[in-house]
Amino acid sequence: MESRVLLPGTEFHITPKGLEGSTRRSHDGNVYVGSGEKECDLAIKDDAELMGRKHFMVFWQREVCYLQDLGEGAGTFIRVNGSFPLTSGCIVSFSDIHILVLLEGSTLLLKPLTGDKMGLEFPYLPDSSPILVGRTSSCTLQFPDKSLSRYHCSFVYEAQLCTWKLYDGLNSCKPSTNGTWVMSKEATELGTGVVFKAGSSLFKAAVLV
């Protein structure tokens with residue numbers, strides 16, 4: 001969709017057998033993307049300051065396509081569309097702010113990694129839900145950043161599922177201007193319309209069955 005190193009509009013076709021046109025010798029069905037020419041099916045060499053040698057991978061499993069960050073470079077972030085189920089250890093990102101999410105039982109612990117609240121910890125029990133995050137003073141967790149929406153995102157505890165979920169905007173009723181992003185350690189399903197960013201490039205998935 002956007003890139004300073006790839007031509008916008010370029011399509012990469014990934015099947016259960018791998019990336020069409022891949023020059024990587026191993027054909028294990030996994031598709032590796034990064035700055036490493038020998039290690040990757042798609043090498044983005046001109047983006048090495050942000051892109052790890054093996055930055056992320058795409059693979060199929062039981063007719064479902066997945067995306068997984070590999071822990072190198074500046075991370076792979078998925079844009080929240082609707083709700084996103086949170087897992088302990090994932091990182092929520094908006095503007096230049098990154099927040100580590102930890103789950104201890106039903107307690108949600110938010111630890112900003114950047115910004116004016118870096119190093120602080122904010123624990124929330126289910127009865128604190130929803131946790132509103134944004135730049136307005138009525139937010140539960142306020143960040144005075146002009147690039148944020150008034151209500152940028154919200155953390156909601158869903159009692160029936162005993163889980164915390166992340167919503168962009170105010171429970172997705174009004175999405176944020178610049179989006180809410182999640183970097184997850186776990187594989188995430190890639191469905192049609194899913195937008196994610198890696199390095200300086202923004203990608204959009206389309207699953208053709």
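**Close-up 1. Asp 41 and Arg 24 form a salt bridge, with their closest N and O atoms 2.9 Å apart.** A salt bridge here is a side-chain nitrogen of Lys or Arg within 4 Å of a carboxyl oxygen of Asp or Glu. The pair links distant parts of the chain, Asp 41 lying in the loop between β3 (31-34) and β4 and Arg 24 in the loop between β2 (18-19) and β3, 17 residues apart; strands are DSSP runs of E of at least two residues, helices are runs of H or I of at least four, and both are numbered from the N terminus. Both Asp 41 and Arg 24 are buried, where buried means under 20% relative accessible area, exposed over 50%, and partly exposed in between, with a 1.4 Å probe and protein chains only. The model is predicted, so local features need pLDDT of at least 70 and side-chain atom pairs count only at pLDDT 80 or more, whereas totals for chains, interfaces and linings use all residues. Residues are numbered from 1 along each chain as its sequence is written, and side-chain values use heavy atoms, with hydrogens and water left out.

**Close-up 2. Arg 24 also forms a salt bridge with Asp 28, the closest N and O atoms again being given as 2.9 Å apart.** Arg 24 has a relative accessible area of 10% and is therefore buried, whereas Asp 28, with a relative accessible area of 39%, is partly exposed.

**Close-up 3. Arg 4 and Asp 47 form a salt bridge in which the closest N and O atoms are 3.2 Å apart.** Because Arg 4 lies in the segment before β1 (14-15) and Asp 47 in the loop between β4 (42-43) and β5 (56-61), the pair ties together parts that are 43 residues apart in sequence. Asp 47 counts as buried, at 0% relative accessibility. The structure holds 9 salt bridges.

**Close-up 4. The largest cavity contains about 40 Å³ of space.** A cavity is a set of points, on a 1 Å grid over the protein atoms alone, where a 1.4 Å probe fits but cannot get out, and lining residues have an atom within 4 Å of a point. By this rule there is 1 cavity of 30 Å³ or more. Its lining consists of Leu 67, Gln 68, Asp 69, Thr 76, Ile 78, Val 182, Ser 184, Glu 186 and Thr 188. Both β6 (64-69) and β7 (76-79) supply at least two lining residues, and β6 gives the most, with 3 residues.

Definitions and conventions:
1 Å grid on protein atoms, 1.4 Å probe; cavity = no way out; pocket = protein on both sides within 12 Å on 5 of 7 lines; lining within 4 Å. Points joined across faces, edges and corners; volume = space filled by probe spheres on them.
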